[in-house]
Amino acid sequence: KNALGLYPIAGRMNHSCSPNMGYGFDGWTIRMYTTRDIQPGEELTGCYSDVVYHGSREFRQAFLQGKFHFRCQCRAICYSSNLDIVKVSDERRSRLKFLTMMLGNRSERIREDPTHFDLDIILECIEILVTEGIDHNMGAMYQFAYETAHKVNAIDAIQEYRLDFMCISLLEVSKGSNH
């Protein structure tokens with residue numbers, strides 16, 4: 001089911017490949033929140049599509065041009081003329097794509113071996129999301145980590161990494177207290 005909504009304030013936010021704001025929906029209410037400290041006069045930015053998480057700068061710019069009709073020049077990485085920085089960022093995002101694909105196949109591996117737990121992969125994804133500044137939707141990753149750990153009864157991992165606390169806290173901020 002697809003739904004459309006008109007959000008005149010949220011719709012004014014410019015895109016960044018490393019946004020400083022995230023958003024979530026609580027029913028039809030949009031909840032916007034910052035993902036880091038915002039400096040006075042700094043522009044509030046969001047991410048127009050999750051597709052940009054896994055793509056190189058070249059891919060992101062082509063995608064955004066085709067879908068939204070603009071060439072991204074965000075300060076995150078698209079604006080940079082330092083090709084070494086761009087290359088490292090592109091490699092991290094490529095690694096994130098690979099890791100999330102591995103996690104996508106997790107249910108099959110868990111069925112084969114119920115003790116299998118991908119905490120190391122999940123934590124590496126979290127590290128890349130933070131490093132790349134695309135952690136505005138981190139609640140979903142912590143929720144996935146918590147659910148996976150709970151499924152395989154990895155209580156020690158849940159306690160050590162405080163996955164339950166992080167999952168609930170981040171989802172509450174992004175989706176509301178009733179989520």
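Predicted model: local features only at pLDDT ≥ 70, side-chain atom pairs only at ≥ 80, totals over all residues.

Biologist: What makes the contact of Arg93 and Glu132 a salt bridge?

Modeller: The term requires a side-chain nitrogen of Lys or Arg within 4 Å of a carboxyl oxygen of Asp or Glu. The side chains of Arg93 and Glu132 meet at 2.7 Å, N to O, and are therefore a salt bridge. This pair links distant parts of the chain, with Arg93 in helix 2 (residues 83-104) and Glu132 in helix 4, 39 residues apart. Helices here are DSSP runs of H or I with at least four residues, strands are runs of E with at least two, and both are numbered from the N terminus.

Biologist: Why is Arg93 called buried?

Modeller: Buried means under 20% relative accessible area, exposed means over 50%, and partly exposed lies in between (1.4 Å probe, protein chains only). Arg93 has 0% relative accessibility and therefore counts as buried. Glu132, at 6%, counts as buried too.

Biologist: How do you know that Arg95 and Glu124 form a salt bridge, and are these residues buried or partly exposed?

Modeller: The closest N and O atoms of Arg95 and Glu124 are 2.8 Å apart, and the pair forms a salt bridge. Arg95 lies in helix 2 and Glu124 in helix 4, so the pair ties together parts that are 29 residues apart in sequence. Arg95 has 35% relative accessibility and counts as partly exposed; Glu124, at 27%, also counts as partly exposed.

Biologist: How many salt bridges does the structure hold?

Modeller: The structure holds four. Among them is the one between Arg36 and Glu42, whose side chains meet at 2.6 Å, N to O. Arg36 is partly exposed at 42% relative accessibility, and Glu42 is partly exposed at 25%.

Biologist: Why is the pair of Tyr48 and Phe68 called edge-to-face?

Modeller: A search of the whole structure finds four aromatic pairs. The rings of Tyr48 and Phe68 have centres 5.2 Å apart and planes at 65°, so this pair is edge-to-face. By the criterion, rings of Phe, Tyr and Trp (its six-membered ring) pair if their centres lie within 6.5 Å; planes under 30 degrees apart count as stacked, over 60 as edge-to-face and the rest as tilted.

Biologist: What makes Phe59 and Phe63 a stacked pair?

Modeller: Their ring centres are 6.4 Å apart and their planes stand at 15°, so the pair is stacked. Phe59 and Phe63 both lie in helix 1, four residues apart, about one turn of the helix. Ring pairs link Tyr48, Phe59, Phe63, Phe68 and Phe70 into a cluster.

Biologist: How do you know that the length of helix 4 agrees with what its residues should span?

Modeller: The expected span is 1.5 Å times one less than the number of residues. For the 14 residues of helix 4 (residues 119-132) this should give 20 Å, and the end C-alpha atoms are 20 Å apart, which agrees. Buried residues in helix 4 include Leu119, Ile122, Cys125 and Leu129. Just after helix 4, Gly133 takes a positive phi of about 70°.

Biologist: What makes the nonpolar surface patch?

Modeller: Tyr23, Phe25 and Met32 make a patch of about 270 Å². Patches are made of residues with over 30% relative accessible area and no salt bridge; like charges are joined within 9 Å, and nonpolar side chains (Val, Leu, Ile, Met, Phe, Trp, Tyr) within 5 Å. Areas come from the Shrake-Rupley method with a 1.4 Å probe, and for residues only the protein chains shown count as cover. Met32 is found in strand 3 (residues 29-34) and, at 33% relative accessibility, counts as partly exposed.

Technical notes. Residues numbered from 1 in each chain as written. Heavy atoms only, no water.
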